Amino acid sequence: MEYNLIAGSSPHIRSSESTPGIMRDVIIALLPAAAAAIYFFGIRALLVILVTVLSCVASEYAATRIMKKSTTVGDYTAAVTGLLLAFNLPPSIPFWIAAIGGVFAVVVVKQLFGGLGHNFVNPALAARAFLMASWPVAMTTWTQPRVDAVSMATPLGVDAVSSATPLAMLKSGGLSSLPLPDLSSLFFGNVAGCLGETSALALLLGAAYLIARRVITLEIPVAFIATVALMTWIFGGHSLFTGYPLYHILAGGLMLGAFFMATDYTTSPVTFKGKIIMGIGCGLITSIIRLYGGYPEGVSYSILLMNLAAPLIDRYTIPRSFGGEKSNA
Amino acid sequence: MLKALKAFKGGVSLPHHKHTEHCKTVEMGIPKKVAIPMLQHIGAPCSPLVKKGDRVKAGQKIGDSDAFVSSPVHSSVSGTVTDVRPMLYPGGFEVVCVEIESDGLQEIFEGIAPPVGLEKKELIRAIRDSGLVGLGGAGFPTSIKLSPPPDKNLDILVVNGAECEPFITSDFREMLENPGGIIEGIRAIMDLTGVKKAFIGIESNKHEAIGLFSRRLKDVPDIDVVSLRTRYPQGGEKQLIYAVTGRRVPAGKLPSDVGVLVQNINTASFIASFLKTGMPLIKKKVTVDGSAVRNSMNVEVLIGTPLRDVFEFCGGFKEEPGKIIMGGPMMGVAQFSLDNSVVKHTNALLAFGRKDAELQKESVCIRCGKCVNACPMELLPIYINACVNKGRFEETLKYDINNCIECGSCSYVCPAKRHLVQSIRYGKAELRKMASAKK
């Protein structure tokens, strides 16, 4: 008998990896940090996360429907954007501002530029910058974590005490402006700050998962963090080489930015050299903003600026192919 | 046993599916009818030397060409020519085929005799007339590789026993079943070309073969076994040469440009058997496997046998086949009809059920860069794909498109299931068209 044979092009087998699978891994990797946020900032952190995730997913659905494209909610990328956006907001952010952030990230930054794979900057970070410019007070009102640094017990009812982030304290008074939170508080996350950046430990756990699952590679994060360490060590003190790099690594959004934001596929280079350049560029801009700029923190702006440069970086870092002539760029 | 000198960048780790590795090769016997294509090699097609109604015998030359890059074809059976007609070939072009109805007697052609007492040059000519082409899959005429231009100084022979494609075990079986023949063939190639050193490259997961050859070659100083990293495409010519010798074949150049001659395991053993018997290439070791095949096995098949007969010999299909592949799942060619023939470079026939054959839907590129990390040629498939899709073919030259070996690693890893290597093939073809239009 005759069979109806499919005569497609090789390869005839494909790996089991898929876009939704990768995004699911990213969500799993962000869960420890989400748990840390809820632990340190209470139920409100959870609500902020829910608001941004819902806002992003709903925006994605509505935008694709209006533009008559097949819906892409099922690939989980909008959920990832929502989660990352929440991680970049202070716990006390009014819900409606958080929701607007989600709409801006998905509709303006992502869908208007062509949707998945076509946004020119990281949607979550662009939304953060947009909210920062629009509601600067709400975006910089920090709450003290509810857990006492010494006992680690959870005192109930202590809520919304205004505070400054460690980097802001460092900026206003330098290392002498005690009491700065100690390193272990920074590492575990018992400090004021954005939701997701609070616990370096939780972020590193997630990052280790992403690296083990080969979702991200180490080039960008290592170059990014190493550059910040070097810059803040050289220029961060009162004289050269007297800075406090460990503090700069653990404080603020560096861990979150280096492992989860700067490594965003769409807005980072794909070549090895390009990734190193991306990491170093992010590190330089972050350090310059932190040490000399008007803001205490520069991670998100550094990544946004390097996002813009990513296509150019790729174009000028075409590698020499195996046995090929020198690169043609 | 030696370790590989170098590890190529990129590549992918594939499921092996070597279900047939312990299946001893079985002779299939004589089919009722064979259809022998006049093009079973890289180069110019042959012109048929027989016409309808002619009687032919096994081993008789039935097609040849005067072109430099070409290889004659021989009848694989004795019988009567029933037709000489063009047949559609996978790839979308027509090839003249000689159809022969076998008389079941398998009478051997009278002119066949072992090539003894010949000069090197005559011997290479005899190998050309045996119809031998590279049996690893590409099908380049072997005699041309054995007589490189005088300015190319060959000093290393690399015998390819990597067999990095999933499912295929025909080289592995040959290594276990005919190690003596392989070594004799290697010796003959070394004598013919004056190459002083030979390496047999075998992927590390085939320890039986590595062990066997290490023992046999213990006291042979000029032939060594090299254990290769098990990683696709380790058997790619340029990857293999790099792993074994540390030499990089420049883009657009041949192995002979770096002094290396590569031959497949089965090519080497065929040379040995040809020198003994003078019998031209009329049969082939083929792995038959895949989810739709009832009995997975290794079969020795006469060239020209319809695929249908081979699958029937293996118990037929246990489910409706959705895809039939000649070759491995990574680089093999999907067949549109079971009437197509087994040819010289067929090393596997795979049949997959409808579920396994279904094409996956392409989604947008998320720029994950996995194709970049997987490319063994260190190219940027993501950008070549983007250029081709936009019709900007000349721009792909900037990305060295012609250095792509079409191994399919990029498409394999792509989480968006994009048809990366297919677009690269298309881009290359468009560039060739543009180049010939300019002339």
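I started at B:P233, which is found in the loop between β12 (223-228) and α6 of chain B. The model is predicted. I looked up the peptide bond from B:Y232 to B:P233 and found it cis, with omega near -5°.

Next I went to chain A for another bond of this kind. A cis peptide bond joins A:S10 and A:P11 there, and its omega is about 0°. I placed A:P11 in the segment before α1 (19-41) of chain A.

I then checked phi. B:H17 has a phi near 50°, a positive value in a residue other than glycine. B:H17 sits in the loop between β1 (2-3) and β2 (26-27) of chain B. I noted these entries because most residues other than glycine have a negative phi, and most peptide bonds are trans.

I turned to the interface. How many residues does each chain bring to the contact? I counted 67 residues from chain B and 43 residues from chain A. The size of an interface is often given as the accessible area lost when the parts come together. For chain B and chain A I have about 4,500 Å² buried between them. Carbon and sulfur atoms carry 56% of that area.

I looked for charged pairs across the interface. The rule finds 2 salt bridges between chain B and chain A. One of them pairs A:E17 with B:K370. Their closest N and O atoms are 3.0 Å apart. I also have 26 residue pairs in polar contact between chain B and chain A, with both residues at pLDDT 80 or more.

Which elements give two or more residues to the side of chain B that touches chain A? I listed the strands β16 (321-326) and β17 (333-335) of chain B. The helices are α6 (237-245), α9 (354-357), α10 (370-374), α11 (381-389), α12 (409-413) and α13 (420-438) of chain B. β16(B) gives the most, with 5 residues. By class, I find 37 nonpolar, 14 polar and 16 charged residues on the side of chain B that touches chain A.

I then went inside chain A, to a helix pair. Helix α2 (residues 43-66) of chain A packs with helix α4 (residues 95-110) of chain A at an angle of about 35°. Their axes are 8 Å apart. Is the crossing of α2(A) and α4(A) left-handed or right-handed? I read it as right-handed. On the α2(A) side, the contact residues include A:L47, A:V51, A:S55 and A:S59. On the α4(A) side, A:A98, A:G102, A:V103 and A:V106 are among them. I sorted the contact of α2(A) with α4(A) by class and got 11 nonpolar, 4 polar and 3 charged residues.

Last, I took the salt bridges over all chains. The structure holds 35 of them. I picked out B:R85 with B:E99, whose closest N and O atoms are 2.5 Å apart. The pair links distant parts of the chain. B:R85 is in strand β8 (residues 79-89) of chain B, and B:E99 is in strand β9 (residues 93-102) of chain B, 14 residues apart.

Conventions: Residues are numbered from 1 along each chain as its sequence is written. Chains are lettered from A and ligands numbered from 1 in the order in which they are written. This is a predicted model: local features need pLDDT of at least 70, side-chain atom pairs count only at pLDDT 80 or more; totals for chains, interfaces and linings use all residues. Side-chain values use heavy atoms; hydrogens and water are left out. Contact means heavy atoms within 4.5 Å. Buried area is the accessible area (1.4 Å probe) that two parts lose on being put together, summed over both. A salt bridge is a side-chain nitrogen of Lys or Arg within 4 Å of a carboxyl oxygen of Asp or Glu. A polar contact is a pair of N or O atoms within 3.5 Å; within protein, one must be able to donate a hydrogen and the other to accept it, and residues adjacent in sequence count only if both atoms are side-chain atoms. Helices (H or I, at least four residues) and strands (E, at least two) are DSSP runs, numbered from the N terminus. Ala, Val, Leu, Ile, Met, Phe, Trp, Tyr, Cys and Pro count as nonpolar, Asp, Glu, Lys and Arg as charged, and the others, Gly among them, as polar. Axes are lines fitted to C-alpha atoms, for helices over the stretch in contact, and angles run from 0 to 180 degrees between N-to-C directions. A crossing is left-handed if the near helix is turned anticlockwise from the far one by less than a right angle, and right-handed if clockwise.
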